[in-house]
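Visitor: I am new to this structure and would like to be taken through it. Could we look at it together?

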Amino acid sequence: MNEPLIGSFKWMKSLNRSLILNTIRTHGEVSRAEIAKITKLTPPTVTNIVSELLDNKLVIESELGASTGGRRPIMLRINAEAYHIVGIDIGIRRLRAVVTNLNAVIKASVTLALPPKVDQHALISHLIDTVKLVLRKANITERDLMGIGLGMHGLVDPSAGRAVFAPNFGLRDVSLREPMEQEFQVPVHVENDVVAFALGESWFGEGTDTGNFIAVNIGEGVGAGIVLNGQLYKYGCLQSLVSGPALVRQAAQRMLAGEQTLIRELCGSDPNAITGEMIDSAARQGDALARDIFTRTGRYLGIGLANLINTLNPRKIILGGGVTNAADLFLEETRRTIHERAMDIPANAVSIVITNQGEYASAIGAVTIVLDGLFAPQAHK
């Protein structure tokens, strides 16, 4: 249906076009006259740009709005189904991918395991296969694809589309954008996975109601995306204490030290076979060691978050990542520790919630990186 988009949206670089698009997006439905009033652009400028957006099928006209004395105005809204976006969360052990419309409504999702050793070429090959698989699952062709977002762990250079250092893969200076753009002929955006998670929460998740929050991703690693006054920052913290591998390491060390635990039976007495799921299962069966590990995790997390709360005074803390599947086993201790260690006013003002985006929160965040480039290219530069 659509021509390859790698170069056809260069006209979107105009801030006026992005300003109009974002106004339509945030208002749901809005007239040309209202756009001119909101954006302070002249009516002829709005009319010309809207015509381009209609031609490119990014915007469609809907029913007539309420009259303010003259003719009822024609309303404009985003044509959410015109194009689709693939977002991939590049984890340490697996790839999680979604394909969505322009409102980030998921059309299909897949999770694929990565092999223990991944080099640059294997990673690119897996990414290409994952995009094709999730599109096929959604019955969407590559010609209907507007862009691809990649959320990558480690140090990332978004402007160059490169993974500067991915410590868990042992990879340095890997070009992700170039080979993916060559394969699919659409723009590819690369960002740190925690930044993507935080941006996704600010657009579509628990952060939509505040410009001041901290999004903490707790999985194989731990990182925080900090949004203050709508601006996005990244912060690394607590990886050695509350990540998934940290829980496994604690369980293995204590089992080897001779402590009695149901985990021993679940892992066949092999400490190298312990998984986070085993610790969770044991804790839910009342195992004292497993429950203590989660209590300690909650306490360590609370200490780290209390320091951030005292420094940054966020309105909300949003938790995501695989470890939050066991939030009911540690979140109460986290809240107790925060109230114990954070200053009274910030601690009482902040709410702590689990992402409502589920296991694909970072993949939706990767989609949002693409949308951010479309609707607000001046941001995060």
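Visitor: In what order do the three strands of the open sheet stand?
Guide: This is a predicted model. In it, three strands form an open sheet in the order 1-3-2, with antiparallel pairing.

Visitor: Which strands stand at the edges?
Guide: Strand 1 (30-31) and strand 2 (59-64) do. Each has a single partner strand, so one side of each is left without a neighbour in the sheet.

Visitor: How many bridges join strand 1 to strand 3?
Guide: Two bridges join these antiparallel strands. Val30, for instance, has Leu76 in strand 3 as its bridge partner.

Visitor: Turning to aromatic rings, how many aromatic pairs are found in the whole structure?
Guide: The search finds two. Trp203 and Phe204 make a tilted pair, with 5.9 Å from centre to centre and 55 degrees between the planes. Trp203 and Phe375 also form a tilted pair, at 6.1 Å and 50 degrees.

Visitor: Where do Trp203 and Phe375 lie?
Guide: Trp203 belongs to helix 6 (residues 193-204) and Phe375 to helix 14 (residues 361-375), so their pair ties together parts that are 172 residues apart in sequence. Through the ring pairs, Trp203, Phe204 and Phe375 are linked into a cluster.

Visitor: Is Trp203 buried or exposed?
Guide: Trp203 is buried, at 16% relative accessible area. Phe375 is buried as well, whereas Phe204 counts as partly exposed at 25%.

Visitor: What sits over the ring of Trp203?
Guide: The charged end of Arg25 does, 3.9 Å from the ring centre. Elsewhere, Arg172 lies over the face of Phe165, at 4.2 Å from the ring centre.

Visitor: What about the nonpolar core: which residues of the largest one touch the most other members?
Guide: They are Ile20, Leu21, Ile24, Leu58 and Leu102, out of 42 residues in that core. Elements that give two or more residues to this core include helix 1 (15-27), strand 3 (74-78) and helix 6. Helix 14 contributes the largest share, eight residues.

Visitor: What lies apart from that core?
Guide: There is another core, of 39 residues, with Ile226, Ala251, Ala290 and Leu319 among them.

Visitor: Now helix 10, please. Which of its residues are buried?
Guide: In helix 10 (residues 276-284), Met278, Ile279, Asp280, Ala282 and Ala283 are buried. Their cover includes helix 8 (244-256), helix 9 (262-266), helix 11 (288-312) and helix 12 (327-341). Helix 10 is followed by Gly286, which has a positive phi, near 90 degrees.

Visitor: And charges: how many salt bridges does a search of the whole structure find?
Guide: The search finds 18. One of them joins Glu220 to Arg93, with the closest N and O atoms 2.8 Å apart. This pair links distant parts of the chain, 127 residues apart.

Visitor: Which salt bridge involves Glu333?
Guide: The side chain of Glu333 meets that of Arg299, at 3.2 Å from N to O. Glu333 lies in helix 12 and Arg299 in helix 11, 34 residues apart. Glu333 is buried, at 14% relative accessible area, while Arg299 is partly exposed at 33%.

Visitor: How far apart along helix 12 are Glu340 and Arg336?
Guide: They are four residues apart, about one turn of the helix. Their side chains form a salt bridge of 2.8 Å, N to O. Glu340 is exposed, at 51%.

Visitor: Which residues are linked in a network of salt bridges?
Guide: Arg254, Glu259, Asp292 and Arg296 are linked in this way.

Definitions and conventions. Residues are numbered from 1 along each chain as its sequence is written. This is a predicted model: local features need pLDDT of at least 70, side-chain atom pairs count only at pLDDT 80 or more; totals for chains, interfaces and linings use all residues. Side-chain values use heavy atoms; hydrogens and water are left out. Rings of Phe, Tyr and Trp (its six-membered ring) pair if their centres lie within 6.5 Å; planes under 30 degrees apart count as stacked, over 60 as edge-to-face and the rest as tilted. Buried means under 20% relative accessible area, exposed over 50%, partly exposed in between (1.4 Å probe, protein chains only). A charge sits over a ring if NZ of Lys or CZ of Arg is within 6 Å of the ring centre and within 35 degrees of the ring normal. A nonpolar core is a set of buried Ala, Val, Leu, Ile, Met, Phe, Trp, Tyr and Cys residues joined through side-chain atoms within 4.5 Å. Two strands pair if DSSP finds at least two bridges between them. Contact means heavy atoms within 4.5 Å. A salt bridge is a side-chain nitrogen of Lys or Arg within 4 Å of a carboxyl oxygen of Asp or Glu.
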